[in-house]
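Subject: Structure for you to look through

Dear colleague,

I am handing over the structure we spoke about, and below it I have set out what I found. Please keep it open beside you while you read.

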Amino acid sequence: MSVTDQGFTIDDVRQAEQRIKGYATKTPVMTSHRMDAKAGRKVFFKCELFQRTGSFKFRGAVNFLSKLLEQSKDGPAPCVTTHSSGNFAQSLALASNLLGAKAYVVMPSIAPQCKQDAVKEYGAELILCTPTEQGRVAAKDKVVEEKGAVYAPSSQHHDIMAGQGTMFTEMFEQVDEKLDAIIAPVGGGGMLSGILVAAKTLQPGIKVIAAEPELANDCYQSFVAKKHIRQDHYPNTVADGLRISLGDVAWPIVRDLVDDVITVTEEEIKESTKLVWQCMKLCIEPSAGVGVAAVMSDKFKALSPDIKNVGVILCGGNIDIDSMKNWL
């Protein structure tokens, strides 16, 4: 299927740009000679660690909630709920605070304490659940039933995806050189889907590559098998933001549009995260290190030398310092 048959289009991304204006930060694109030398290409890093709440997720949360409030402007303000490992939880909490809606946020009990604390500080009601996908969904369903809340998926909704696609529309204008490829980490697939639709519309020849931990490689398995394969466990990767399976809404978009999926080891994730800290002085979280590990990988380096300019999404900077001590 074509880029125009994915449930949302570049027009939705452009509308999202208008909704998030004044709320979301236009994050910088940064470069590093040292990182270029190590990658063997010119690399442009989209720094979503500087986004409000410390991750790209805020874009989608604001777009989703703004549109919901537009649609219900003649009635009472709706309350919302979500389940999230942390970054979308914080994003929906702050978006709700700014836009005047009540938020109930479900998080797995093993979510980083820094992310739990932030959700409460942004004004949302925090609900902890068992650290499985089934546990998260069950806790969210209970909130929907008891509070009458509208469910805001962390990734599996076209309004969320359109909001995340604004990363590429910004980057398209910020980078003077034509990007030959862009690498985006993948968990649920909302960010990847938004970037795929935006990138393949604005620059049809660009290669879009998903980056994924080997321990949570359901996107890679699905890509190879050409059918949706979900994880049957909750993977214990250091990239805690990428533990969730590729979603049902994202899968057709990824199936039709993604050019490749590169998986990376836990050691590669840790080393790439530290490399960005050391070379660029950017305090990214390990989930962002996954994209960096992919651009540094032998598989990526073996791709065509015509791929000279590469975008990498540094998706967030919400580090759990206590857990980080275990692998430094």
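In which helix is the place of Q116? Before I answer, please bear in mind that this is a predicted model. Q116 belongs to helix 5, which covers residues 113–121. With a relative accessible area of 5%, Q116 is buried, because buried means under 20%. If residues up to four places away in sequence are not counted, Q116 touches M107, P108, S109, A111, L126 and L128.

Another glutamine to look at is Q164, which is found in helix 7, made up of residues 158–174. Q164 has 0% relative accessibility and therefore counts as buried. Once its neighbours within four places in sequence are left aside, the residues in contact with Q164 are F56, K57, R59, G60, G190, M191 and I195.

For the surface, please turn to K38, which lies in helix 2, the helix of residues 33–39. Why does K38 count as partly exposed? The reason is that its relative accessibility is 37%, and partly exposed is the class in between buried, under 20%, and exposed, over 50%. K38 also gathers with R34, K281 and K301 in a patch of positive charge on the surface.

Note on methods
Residues numbered from 1 in each chain as written. Predicted model: local features only at pLDDT ≥ 70, side-chain atom pairs only at ≥ 80, totals over all residues. Heavy atoms only, no water. Patch = residues over 30% accessible without salt bridge, like charges linked within 9 Å, V, L, I, M, F, W, Y side chains within 5 Å. Areas by Shrake-Rupley, 256 points an atom, 1.4 Å probe, with all protein chains shown as cover. Salt bridge = Lys/Arg side-chain N within 4 Å of Asp/Glu carboxyl O. Lys, Arg positive; Asp, Glu negative; His and termini not counted. Charge placed at Lys NZ, Arg CZ, Asp CG, Glu CD. Helix = DSSP H or I, 4+ residues; strand = E, 2+ residues; numbered from the N terminus. Buried < 20%, exposed > 50% of the residue type's maximum accessible area, 1.4 Å probe, protein only. Contact = heavy atoms within 4.5 Å.
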